[in-house]
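Subject: Structure for you to look at

Dear colleague,

I am passing on the structure below, and I would be glad if you could look through it with my notes beside you. The notes follow directly after it.

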Amino acid sequence: MIRKVARQIVETRGYQVAEAENGQEALHKCQMAMPDLIILDWDMPVMTGIEFLAALRALDVPSQPKVVFCTTKSGAMEIHKGINVGADEYVTKPFDQASLMAKLENIGAA
């Protein structure tokens, strides 16, 4: 449900959306064609959001995408960990269009 809501929000901003079922699939898709924006869940099967983001930021690519963590983890330690690994912004679930748009605007992705 959260992916559906996020998809609708970013599609209204002109983004073409591709989804991945897990972190490993997402990393593979990024290696094939790097997106401009990634909305990332912390808890994913196969490879967590933190593991995915660390691997993504380690890629030698000309341009890194903006990354927004979207998760239920809202503690200061988790937020700092996500930002330290390379997230540009952080939004907690559940979220609405206004809160996600504000985060995207903060990082120049809206």
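Val46 sits in the loop that runs between β1 and α3, and in this model, which is a predicted one, Val46 has a positive phi of about 70 degrees although it is not a glycine. I note both because most residues other than glycine have a negative phi, and most peptide bonds are trans.

Turning to the sheet, three strands form an open arrangement in the order β1-β2-β3, and the pairing is parallel. The edge strands, each of which pairs on one side only, are β1 and β3, the latter covering residues 89–92. With direction ignored, neighbouring strands of this sheet are turned against each other by 20 degrees on average. Between β2, residues 66–71, and β3 the parallel pairing extends over four bridges, and Cys70 has Val91 in β3 as its bridge partner. Helix α5, made up of residues 97–106, packs on the sheet and touches β1, β2 and β3, while its direction makes about 175 degrees with that of β3.

The packing of two other helices may also interest you. Helix α3 (residues 49–58) and helix α4 (residues 76–85) pack at an angle of about 25 degrees, and their axes are 9 Å apart; since angles under 35 degrees count as roughly parallel, α3 and α4 are therefore roughly parallel to each other. On the α3 side the contact is made by Ile50, Leu53, Ala54 and Arg57, which meet Lys81, Gly82 and Val85 in α4.

In the loop between β2 and α4 you will find Ser74, which, if its neighbours within four places in sequence are left aside, is in contact with Ile79 and Thr92. The C-alpha atom of Ser74 is separated by 24 Å from that of Leu27, a residue 47 positions away along the chain.

Finally, there is the question of open space: what volume does the largest pocket have? The computed value is about 880 Å³, and of the 31 residues that line this pocket, the closest to its centre are Ala18, Glu19, Ala20, Ile38 and Ile39. The elements that give two or more residues to the lining are α1 (2–11), α2 (23–32) and β1 (37–40), and the largest share, five residues, comes from α1. The lining residues divide into 20 nonpolar, two polar and nine charged.

With best regards

Technical notes. Residues are numbered from 1 along each chain as its sequence is written. This is a predicted model: local features need pLDDT of at least 70, side-chain atom pairs count only at pLDDT 80 or more; totals for chains, interfaces and linings use all residues. Side-chain values use heavy atoms; hydrogens and water are left out. On a 1 Å grid over the protein atoms alone, a cavity is a set of points where a 1.4 Å probe fits but cannot get out, and a pocket is an open set with protein on both sides within 12 Å along at least five of seven lines; lining residues have an atom within 4 Å of a point. Grid points are joined across faces, edges and corners, and a volume is the space filled by probe spheres set on the points. Ala, Val, Leu, Ile, Met, Phe, Trp, Tyr, Cys and Pro count as nonpolar, Asp, Glu, Lys and Arg as charged, and the others, Gly among them, as polar. Axes are lines fitted to C-alpha atoms, for helices over the stretch in contact, and angles run from 0 to 180 degrees between N-to-C directions. Angles under 35 degrees count as roughly parallel, over 145 as roughly antiparallel, 65 to 115 as roughly perpendicular and the rest as oblique. Contact means heavy atoms within 4.5 Å. Two strands pair if DSSP finds at least two bridges between them.
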